[in-house]
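Let's take a walk through this model, starting with the ligand and then moving on to one of the strands.

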Amino acid sequence: MMDYNFDVNKVPTPCYIVDESALIRNLEILRGVSERTGAKILLAQKAFSCYHLYPMIGEYLAGTACSGLFEAKLGYEEMGKENHVFSAAYRESEIDEIISYCGHIIFNSFTQLDRYRDRVLAAGKKIGLRINPEHSTQEGHEIYDPCSPKSRLGITRRNFHDDDLSGVTGLHFHTLCEQNSDDLETTLDAIEDKFGDILPKMEWINFGGGHHITREDYDIPRLERCIRRMQEKYGLEVFLEPGEAIALNAGWLVTEVLDLTENDMPIAILDTSAACHMPDVLEMPYRPPLVGSGESGEKKYSYRLGSQTCLAGDVIGEYSFDEPLKIGDRLVFGDMAIYSMVKNNTFNGMPLPHILLLKKDGSFGTLRSFGYEDFKERL
Ligand SMILES: Cc1ncc(COP(=O)(O)O)c(C=O)c1O
């Protein structure tokens with residue numbers, strides 16, 4: 001049963017609350033995997049770039065994974081440990097700075113490899129190639145499936161020329177999304193099937209992200225067998241770069257009920273927005289957990305929860321409660337640390353939620369507050 005242990009009336013709304021104890025619980029699980037297997041785990045910053053916590057996260061993990069220059073710089077400045085970068089293409093004007101921040105540079109094509117290889121090697125940094133094993137393990141989520149037809153992410157075997165791999169020491173794949181280790185296992189089968197002749201020529205492999213390692217039903221022993229398989233069979237150093245698993249269920253979003261209306265069913269207008277503050281609710285789509293609520297119709301009072309914005313579809317979902325909602329009530333959504341503050345926006349001039357830290361001792365710290373200037377200065 002999801003619950004929180006803070007006074008909901010003492011925080012400004014809307015706000016994200018990063019839960020330090022929950023984060024540590026996840027990090028301990030991840031560190032356990034590293035300690036038992038020797039695999040290095042990196043924080044995929046795209047999921048959770050809350051750099052205020054990087055020093056603490058760096059006590060448990062090997063470093064950061066980045067998607068381009070800005071994340072590369074952030075990881076370098078704020079964690080300062082191993083820093084791996086993958087981008088579908090790097091621009092000429094940025095590559096030297098990226099190389100200066102990262103130890104591992106992963107390319108998505110042989111054109112990019114040929115263009116920048118000498119510069120990476122001259123800087124003494126490592127080169128990897130992202131492969132596409134063409135092994136889809138998710139259905140109905142094409143937007144999150146790098147193995148979907150015509151995907152631009154990763155080099156397929158047909159397009160993989162092994163005649164000039166000079167300087168290339170590693171392979172990278174990222175094919176999973178919120179998945180368990182059985183899907184990793186079949187992905188490794190596909191990789192051995194298609195790239196089995198390349199693996200012995202490499203020194204390291206990066207399993208990408210999408211491993212829901214800190215979810216309750218995740219099969220960690222199977223993950224560890226997958227890691228050992230690559231270590232023992234091919235002598236590879238193994239990296240993983242999960243994002244979600246690091247801050248899974250480690251954040252809240254607190255919002256206030258601003259108004260109650262009716263159209264075929266009761267509607268509550270909140271001071272948060274799916275479109276602005278939790279875009280994955282509309283993109284994935286998914287129904288975020290809400291403390292103390294049930295499915296629509298499950299408890300006595302059902303509501304459609306929507307936002308202040310103009311977008312008709314800016315609806316978080318339909319939920320039910322034991323008591324009727326009142327204007328001024330506070331609601332607490334769960335699992336709001338990942339892909340939330342990194343993706344939010346100020347559409348309609350909606351304020352960005354403040355970012356608070358719920359510390360281990362139960363006290364609050366404010367990491368960031370936002371106002372009108374933050375809206376204006378982006379435009
Ligand atoms: C290359 C790469 N690595 C790591 C990740 C992190 O994935 P997740 O947050 O699902 O673990 C992603 C997510 O898109 C990715 O594209």
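## Around the ligand

The ligand has 13 residues around it, and the closest are Gly210, Glu241, Gly243, Glu244 and Tyr339. Keep in mind that this is a predicted model. The ligand takes up the space of the largest pocket.

| Residue | Atom on the protein side | Distance to a ligand oxygen atom |
|---|---|---|
| Lys46 | polar side-chain atom | 3.0 Å |
| His174 | polar side-chain atom | 3.5 Å |
| Glu244 | backbone N or O atom | 2.9 Å |

On its own, the ligand has 390 Å² of accessible area, and the protein covers 86% of that. Glu244, then, is one of the closest residues and makes its contact through a backbone atom.

Now for strand 16, which spans residues 354-358. Why is this strand largely enclosed by the rest of the structure? Because 5 of its 5 residues are buried, which here means under 20% relative accessible area. His354, Leu356 and Leu358 point one way, Ile355 and Leu357 point the other way, and all are buried.

Strand 16 pairs with strand 1 (residues 15-19) in the parallel sense, over 5 bridges. With strand 17 (residues 364-368), strand 16 pairs in the antiparallel sense, over 4 bridges.

Key:
Residues are numbered from 1 along each chain as its sequence is written. This is a predicted model: local features need pLDDT of at least 70, side-chain atom pairs count only at pLDDT 80 or more; totals for chains, interfaces and linings use all residues. Side-chain values use heavy atoms; hydrogens and water are left out. Buried means under 20% relative accessible area, exposed over 50%, partly exposed in between (1.4 Å probe, protein chains only). Helices (H or I, at least four residues) and strands (E, at least two) are DSSP runs, numbered from the N terminus. Two strands pair if DSSP finds at least two bridges between them. A residue is near a molecule or strand if one of its heavy atoms lies within 4 Å of it. A polar contact is a pair of N or O atoms within 3.5 Å; within protein, one must be able to donate a hydrogen and the other to accept it, and residues adjacent in sequence count only if both atoms are side-chain atoms. Accessible areas come from the Shrake-Rupley method with a 1.4 Å probe; for residues, only the protein chains shown count as cover. On a 1 Å grid over the protein atoms alone, a cavity is a set of points where a 1.4 Å probe fits but cannot get out, and a pocket is an open set with protein on both sides within 12 Å along at least five of seven lines; lining residues have an atom within 4 Å of a point. A molecule sits in a cavity or pocket if more than half of its atoms lie within 2 Å of its grid points.
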